[in-house]
Structure formats: structure tokens, C-alpha cells
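Welcome, and thanks for taking a look. Here is a short briefing to read alongside the sequence and the 3D view.

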Amino acid sequence: MSKDENISCKDNSCTIAQNYYTCPMHPEIVNDKPGSCPKCGMALEPVSVEATGDYDELHDMSRRFWISAIVSLPVFIVAMMGDFVPQYLPVSMRNIQWFEFLFATPVVLWGGYPFFVRGWKSVVTRNLNMFTLIAIGVGTAWIYSIIALFLPNIFPPLMQTHSGLVHVYFEAAAIITTFVLLGQVLELRARSKTNSAIKTLLNLAPKQAHLVDKDGNERDVGLEHVKVGDFLRIKPGEKIPVDGVVIQGQSNIDESMITGEPIFVAKTVEDLLIGATLNKNGTLIMRAGGVGKDTMLSQIVEMVARAQRSRAPIQKLADTVSGYFVPAVVLSAVLAFAGWWFFGPQPRLAYAVVAAVSVLIIACPCALGLATPISIMIGIGRAALEGILVKDAQTIEMMEKVTTLVVDKTGTLTQGKPTVTTFKMLHGIDTKEALRYAASLERASEHPLAEAVVNKAKEENVSLTEVHSFNAITGKGIEGEIDNKKIAMGSEKFFQSLGISTEETIHEVHQLRQEGNTVIFLAVNSKLAGIIGIEDPIKETSAEAIKALKNEGIDIVMISGDNDTTAHAVAKKLNITKVYANVLPHEKAEIIKLLQADGAIVAMAGDGINDAPALAQADVGIAMGEGTDVAIESAGITLIKGNLLGILKIRKLSHAIMKNIRQNLFFAFFYNSVGVPIAAGVLYPFFGVLLSPILAAAAMSFSSVSVIMNALRLKNMSYLKK
């Protein structure tokens, strides 16, 4: 394993610079050049997926397969004629064996060269794998045939024909090599399709941009040449090349690629633009802000790729079995050889070699090794196309087991775009003066409701003032000095802690809360000055999603920092019966701990900085795409589209992926459980059937391909749309 300062691995998940290669089954294996995995022998895949193109490994294996197939075909035909219709052969059997030797040897030594190299490496590194068995099996058949051809007299007379020849298995060695090569080609081709989701995302970005220089001249440049601060022109119907800000013009932008929302978004000067979104009808000049790896699209691609390289806990089962499997197969082959050697019919040695080689070939654990990672890669890629980013494979496995979903109210169930509905001042205080105090103070706050107050001031054309001695008490309120006056804003609890009475507004506050409004109190110089009612509309998709999740058997729990009346008013509209109100940020994580202590597997959906501890505490953290970077970083799943229907989709997707993995593992276990005894000759005493090594090779190759084809079904899950 190559170590480099550009490689960072943690918990079997690696963040790696471009042009590095990793194993799809063992993501902790990283190298700076193409090669094979020292643990399983599989070809290492590039970390950075290109929008187009195949892997060199696929080209190499395809070339070896086609040449080997062409060369080994006459060997197979001649060998079959020699076995069944020798009278039609124009030459002696001695010459036929030499013909088989001359044609089969390049197939075995050149076509099978990668298998022998990987098999030898597996022995040296003590990581026995499928190539160990292939190398031993093919090598045994070929070496036995070489000895039989050159030294037939050392074999017992019963193994020799009347002309002194011993039966050879050159055709078996050649055909087995060809079948294994075919299996590798089909497997590599199918594995290349697992990255189709990333390639689809990469193809969303345009290849060029219109660069505008200081003199206003325009020229086309490749996207890789765009730098931060460059001015770019986007014409109608073109895609936004990189992330940035509009500095001239106005247009409508189709951002459905990121948000999933079909409604166009109006953009004008100072508005943000997202790379790969579509400009519909106006011409814009933008200033590049995020280029290369810093664009949102690139970050999405990297997150998907990193998740595809991660490992699900269920993979440990396959790893554990594989660790014992190869030695067990070698032992089975030895026992099969011994059984035929001591108890089989004549020629015993020939039967013993055939049985041992068949056991070694048919039992290759490739299907077992592929069962989990191939489904994870395809499933996570499929999720990305649905606007769902999954951080790692463990999250997928855990999501299937979730019994309780905890949802934050603001920004998760609601739109997160609150507006001021009521602004009432007391004791004759001037409304605009109070609004100036409130908006100036809120401008320095990160609370979701702060923006509503600031926007209200903009609507009223109220100029804001500098705030001194600003202080924010998380989850309670804020305070500061404006015009030498002490201003405070916040919840009822906050005002109680300040010793400010809110009794005179009790009836109006209760009415507003019953209507689903959040109420903020305003104080000037430690005296209640007024109340502000703020409403955050419920998302259109929330009710549908909550109902569907309940039908899935998931308990829904709402957590809110809002007061009890407002929280229950929102919960009632959504038919949520379990509600925790007046909850401070650190208390959210404590509530999740209590639910977990009662045996619940908890998923938490939130979008704010105050949700980060709870997202980290939950068994599965789900961040809404419009949320903060801190929330997204703390979560295992990010819903780019920002609505709870994404949770329903990832729930169904996790069920589908885990079901697919179990099918693959069952098939791999069942196949080997049945195949090994048959290859060893268990049917021979009853039916006179002994499996040919050639048929064993074909069965082994297609077992791996069948596992991949089963996993590829995950790409076409129409039920996610339901």
C-alpha cells in the first residue's frame, strides 16, 4: 500500500488526491499507479472517475481474452475429437498432444499471466484469494499435462494407453484460462457501469466558458482554465460553468439539477449562481467564485465517490468467511485428490487431478467478495441521482433499521423562510424606531428567524444601526446596545431570566401561538417594548412525507426550540403526536439519547447549526440541503432537495440495497456449498457424473457476473418515484 501526504484514511474511508487507485472491495488499499489489490487480487480502480472512457484493465483483459479464445478454440475442438471421434483425426494422438501443448501453452502462460502473478502475490502476502485457487488449479492441470507429455513412462501402466501415452489436460488449462478471462472482462465491464451515476453528474457541467477580459473582449476557454475572480458571460440556454455571483444582467435559472424544484429561480446582480445549472432566457455576466474542486457539483461528486468506497458492516461477514474460505477450499481439493487416489477407479491419478482442479476452480470466492461492495456502489450512485448524498455505506445499512425519526421544526418541516406577521409596540413606542432596534440587533444573529426581522426592515425602508456589546445566548435570545440604549430580544424564558415581565401581552401571545406563529419579545432598557409574531409556512411536501413514513412503521418525533403552543400547533397540522418544545440545542442530543436508551434506532433530520450535536448523536443524521455546512458535515445523509420525501426514498433505497446484498451473499454461499461437493465427485457413485474442470471454470465465471447483474438492477428502481 502506497502512503503519501495526499492520502488520508480513516475508518476504512479515504480522501485521496486525483490519479490514485483503490480497491472496490478493500477501500483502505490505495496506490499511486494501476495494479491489483494485494488482499483480493482485483484490479485497482481510479479514485477520480472520468466523464468518459474505460479502464486500462478492461482493455488489457479484453485483448487477452479474445486472443486466448481464438488460440484455445482449435485446442478444444481437437481434444474433443480425440476423446469422441479419434478415427477422424488425420494424425496420431502423439502429434495431437504436441499440437495441444503448442497452442495451449501461450494461452496459459500469457493469457493467464495476471492470474499467476496475483496468485503468487496472494501467497507471499498471506492474503489467499480467488486468484490463489485459479493459479493452483490451472497450474496443476498444465504441469500435470507437461509431465504426461514429456515423461509418460513415470506413470503407472494403467494410466497409459496401448501406445504408451498418458491423457493430458492442455485443453482444460487453456479453456479454464479463457473462461476466467471472459469472467474478468464481463465483471470489469459491469463494474465500469457502477460509476455511471458519477459520470452522469460529471457530464452535467459544460466543457467551456466564455471568458470576458478587462476590455470586454470575449473568448472561449476550457473549464479547467477558469480562475477565481474571472468574469464569465452566460448566454440564454447555456449552463452556468462554475459557482459564482451575478455582476451584470438578470435571468431565470433552472436549478432543478441541484434542488429538484421545477420552478425557475430569478437571478439578478449579487445573486449566487451554481455551476451546471441552466440559464433560461437572459444574458448574465458572473464573477467566478468556486472553480474546479470547489464547485458544489465537484463536492457532490467527491462525496458520492467517497461513499462508494466505504464499507458496510455486513461486509465484515463476507470478509470473515473469505478469510477461512480459501484455505478450506485448498483442503477440500487435497481431500478430493486423496479420496480419488485411494478409493477411485482407474486411472486414479487422472480422476484425482480432475476432481482437485475442479474444486479449486469452481470454489473461487469472487462472487462472495463482490456481493456487498457492488450493491453499495450502485445504490449510493442511484441515490445521488435522486438528490440524496450518502456519506458512507454504514449509513445505508443503518437506515434500513431506523424505527424513530426525530425532525426539527424550523427549516425541516417548515420552509425555513419565516416572515413577520405581527409587529406590535407597547406604551406608545414608535414602530419604525423599534423596528430599527430589532433589525439592527438581529442582523448580527445567526438564528433562522433573524432574517425575517431584517427583511421586514428592508420592506419598510428602515436604515440599520451599528450594535455595540452584542451578546447571543444560544437558544434563548440576543442583547446589545444601540444609541446608548440596552436592547434585548428573545423568548419568554430569556426575558424571565432578565427579570422582565411579559404578563401584559399574555392573551395576544397565546392567540399568535395557536395560529402557529413564533413570538419574539423586544425590550428597551430592561422594559418590555413590544412583541413580534413570525410565521414559517410548512413545506408542501411535509404532510405527505410524514404520512408515508408512518405507513413505513416509523415513529415521528418533533423537536423544536419554540414554545409549547406554537410547536403543538405545527405538529397538529402534520398529525404528529410526539412533540418536544422549548428545547435548547444541547437538549436535542439528550432527547435522542433517551430514545436510544429505550431501544429506538433514531434518525434525526435538521438543518441548522443548533442541530449539529443531535445529528451527530443520532444513529443516522439527515441534513436538509439548504441547511448549514456544519449540519451537513455532521450528517450521514444530505437531502439536496431539502424535503422529507427524500427520507422516504432513502429508506426504500436502503431496503433495496440490503435486500440485494443478502441475495448476493446467499447466492454466493449457496453456489459454493453446492458446487464444491459436485466438483469433488459426490455425484459419481450414484450417477457416474464427474464435473469437468472446463464446466467448473464456466460456472465460476458466470457466478460472479450473475452477482453483478443482480446488483445492477438497483439502477432501475421505479418504485422510488412512487
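**Helix packing, a surface patch and salt bridges**

The axes of helix H3 (residues 113–124) and H4 come within 8 Å of each other, crossing at roughly 120 degrees. That angle makes H3 oblique to H4, and the crossing is left-handed. Please keep in mind that this is a predicted model.

**Around helix H4**
- Helix H4 spans residues 130–150 and includes Ile143.
- Ile143 counts as partly exposed because its relative accessibility is 47%.

- Glu400 and Arg662 pair through their side chains in a salt bridge, at 3.0 Å from N to O.
- This pair links distant parts of the chain, 262 residues apart: Glu400 is in the loop between helix H12 (393–399) and strand E16 (404–408), and Arg662 is in helix H23 (residues 645–680).
- Glu400 is buried at 14% relative accessibility, whereas Arg662 is partly exposed at 42%.
- Arg651 and Glu552 form another salt bridge, with their closest N and O atoms 3.9 Å apart.
- Arg651 is buried at 6% relative accessibility, while Glu552 is partly exposed at 29%.

**Other salt bridges**
- The structure holds 17 salt bridges.
- Glu397, buried at 9% relative accessible area, forms a salt bridge with Lys401, which is partly exposed at 43%.
- A network of salt bridges links Asp60, Arg63 and Arg64.

Conventions: Residues numbered from 1 in each chain as written. Predicted model: local features only at pLDDT ≥ 70, side-chain atom pairs only at ≥ 80, totals over all residues. Heavy atoms only, no water. Helix = DSSP H or I, 4+ residues; strand = E, 2+ residues; numbered from the N terminus. Buried < 20%, exposed > 50% of the residue type's maximum accessible area, 1.4 Å probe, protein only. Axes fitted to C-alpha atoms, helices over the stretch in contact; angles between N-to-C directions. Parallel < 35°, antiparallel > 145°, perpendicular 65-115°, else oblique. Left-handed = near helix turned anticlockwise from the far one by under 90°. Salt bridge = Lys/Arg side-chain N within 4 Å of Asp/Glu carboxyl O.
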